[in-house]
Amino acid sequence: MGKSRRNRAKAGQRSDPIAKPVKPPSDPELAAIREKSILPVLKDLQSSEPKSRTAAAGAIANIIQDTKCRKLLLREKIVHILLNETLTDASLESRAAGWEILRVLTAEEEADFCVHLYRVDVLTAIQHACVKVTNTLTTSNPPFSKASKAEQNFVWSIAESLTAVLSALAEAQDEALDAAVRNEQIIRFLFTLVTLGFTTAPVLNSALSCMITLSEDNQQFAEAILADNATKCYKQLDTFKNGDGYRAVLACGVLHNVFSAAQWNDQTPGKDGACDAVLVPTLSQTLENTQLNGTITNGHASTNPAEIVQLALEILASIGTTLQETLEKGSRAKGGQREGIDDKDVAMDGDGDELSDNESAGEDEEMDQDEMEADMDMVTGADDHDEELEGIDDLPTLKELIQKAIPQIVELCRASSGHDETSNMILNHAVTALNNISWTVSCIDFTEKSNAAILRVWTPVAQGIWEQIIAPALSSDTSDVQLATIVTSLAWAIARTLHGQTFLRGDEQKKFISLYHASKNLNEDQDDPFQSLGVKCIGVLGQLALAAPIPLNREIGIFLLTVVKGLPETPAADAVEALNQLFDIYGDENKEWDEEVFWKDNFLQHLEEATSRVKSAVKAINRAKSPELRTRAEEASLNLSRFIQYKQKHRP
């Protein structure tokens with residue numbers, strides 16, 4: 001503490017660090033670039049001659065993409081020059097170049113650069129620029145259309161850069177996001193860009209993308225959109241949503257966040273029945289119609305079709321997760337009508353786990369048209385069960401996801417080979433969307449009669465996902481950890497919903513056991529040990545055992561016992577999950593495998609022998625470093641003692 005106080009005391013006596021001469025880099029190559037390219041252009045940027053300043057700003061905007069030049073410019077305090085001189089230059093062209101430089105810096109540098117920008121009050125500069133652009137676009141004297149083509153281009157360039165910089169700031173720091181949302185001039189600027197009839201496509205797309213960032217989990221911004229009577233932004237978003245292409249998908253992203261913040265859902269829809277259900281058809285149609293090998297032109301720029309599909313999948317994945325909250329609220333609010341929503345901890349991976357697949361494309365080539373149509377009929381079982389779909393009319397979002405989204409997502413998975421970066425990325429997001437939707441459905445208690453209609457509709461869809469996505473992925477030889485993790489997570493969710501159903505296509509259980517053993521040699525970077533590939537493999541196997549014939553149940557039961565008895569070498573999270581699965585499988589003495597497997601194979605003795613190892617493993621977990629792991633391990637240890645006592649009293 002004493003040292004900190006001394007530092008603060010000296011700070012007031014320091015000379016301005018900006019005024020200090022910057023030492024040249026020690027690297028000869030960088031020193032040469034600095035002397036030849038950086039210092040001359042920076043000198044011109046601060047020239048008293050307007051033309052020199054404008055030319056210099058344009059030159060820097062051109063070289064800022066180069067990593068070496070960018071780092072050298074940052075060493076020379078380019079941000080300070082931009083904020084204090086370039087962005088306030090009388091020349092519109094200079095200001096446009098200045099904002100373009102900042103846009104590239106926020107895009108290329110790490111998040112802490114954006115935090116630094118916010119701390120040096122870049123929002124004030126953004127606010128002033130937003131006001132100028134808004135006034136320029138909306139004034140009638142003279143109207144914007146009367147400006148020269150060059151001037152119009154500079155204004156659009158500034159607008160696009162502003163939206164990109166705002167997005168970067170909001171993503172980097174919550175404080176910056178909150179400050180931007182509270183700024184009326186910035187909000188009016190965004191709403192103006194969205195609602196003007198002549199905003200160029202690149203600027204409109206960038207503004208909508210910025211609004212997605214600002215509206216995520218942000219009730220204040222959602223309320224601003226809904227309360228806007230000046231530009232009627234919400235109405236315009238709704239109009240965009242009914243269109244097609246990138247603009248429609250972006251609008252769906254904003255509206256999804258607004259619906260979530262306003263709590264407009266299946267149980268409590270908003271204006272004109274607004275909830276996520278109205279977004280799913282547009283997103284599904286986008287997946288169906290977008291050609292990944294094409295290019296969509298928007299004005300003077302183009303949008304990568306893969307980016308459109310990726311965003312549509314991300315929104316569908318988020319809708320799938322949000323739906324679980326709707327189902328839970330509905331069960332509490334309606335009492336008996338929609339009961340049995342399970343609040344169990346689930347293993348959803350919406351953001352993190354990715355995948356690729358080397359199998360789907362090869363199988364597609366071997367199938368004729370009839371077989372492909374038959375497979376799709378399985379996934380789109382809803383098409384042949386209109387009466388069953390009517391049973392979930394009170395859950396329109398789930399109905400739309402099952403009827404429209406899942407068939408397109410599955411087809412997208414099948415068409416994505418995973419052999420190239422783009423295909424791998426699309427496959428990753430597609431299976432993540434299926435994973436989120438499937439986990440939400442898996443948390444429904446299907447023992448409740450009120451949920452029977454959901455189960456009837458879901459069962460053929462889930463079987464199709466297993467056959468067309470999970471089984472082929474298991475058969476493929478992949479070293480992609482993210483692929484294995486997300487597919488296993490999806491398999492776990494699907495297996496939870498198909499108890500009593502015949503859906504295994506072969507020896508999938510052996511492949512999951514092999515995958516578990518292989519996962520021990522993988523270097524997984526998991527903040528949450530319960531999200532590891534090993535835990536997911538155990539979860540899937542436990543669910544498979546609940547509907548398995550006796551030999552398969554025995555195989556899985558022995559595997560789970562082996563995991564527990566492998567302590568302390570077994571990771572603690574793996575042992576906890578294995579114990580929980582064992583409790584679920586063998587907790588009911590009325591099941592046929594209780595006598596045929598648990599008692600005949602002497603599982604009780606093995607569990608009794610493992611008790612001391614489990615207790616030792618619990619004590620070895622640092623509560624301060626891993627509080628959740630310690631808590632869940634303690635619960636598993638306590639439940640093990642209770643389970644053993646229970647089984648001892650209920651011998652056959």
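Arg623 is partly exposed, with 41% relative accessible area (buried means under 20%, exposed over 50%, partly exposed in between; 1.4 Å probe, protein chains only). The model is predicted: local features need pLDDT of at least 70, side-chain atom pairs count only at pLDDT 80 or more, and totals for chains, interfaces and linings use all residues. Residues are numbered from 1 along each chain as its sequence is written, and side-chain values use heavy atoms, without hydrogens and water.

Arg623 forms a salt bridge with Glu634 at 2.5 Å, N to O (a side-chain nitrogen of Lys or Arg within 4 Å of a carboxyl oxygen of Asp or Glu). Glu634 lies in helix H31 (residues 627-649) and Arg623 in the loop between helix H30 (603-619) and H31, so the pair ties together parts eleven residues apart in sequence. Helices are DSSP runs (H or I, at least four residues), numbered from the N terminus. Glu634 is partly exposed, at 27% relative accessibility.

The whole structure holds 20 salt bridges. Arg414 pairs with Glu411 in a salt bridge, with the closest N and O atoms 3.7 Å apart. Both residues sit in helix H21 (residues 396-415), three residues apart, and are therefore separated by about one helical turn. Arg414 is buried at 4%, while Glu411 is partly exposed at 27%. A salt bridge also links Arg34 and Glu35, at 3.5 Å between the closest N and O atoms. Arg34 is buried, at 7% relative accessibility. Shared partners join Arg34, Glu35 and Glu76 into one network of salt bridges.

Disulfides number zero (a pair of cysteine sulfur atoms within 2.5 Å). Cys114 is buried at 3% relative accessible area, and Cys275 is buried at 4%.

Notes. Helix = DSSP H or I, 4+ residues; strand = E, 2+ residues; numbered from the N terminus.
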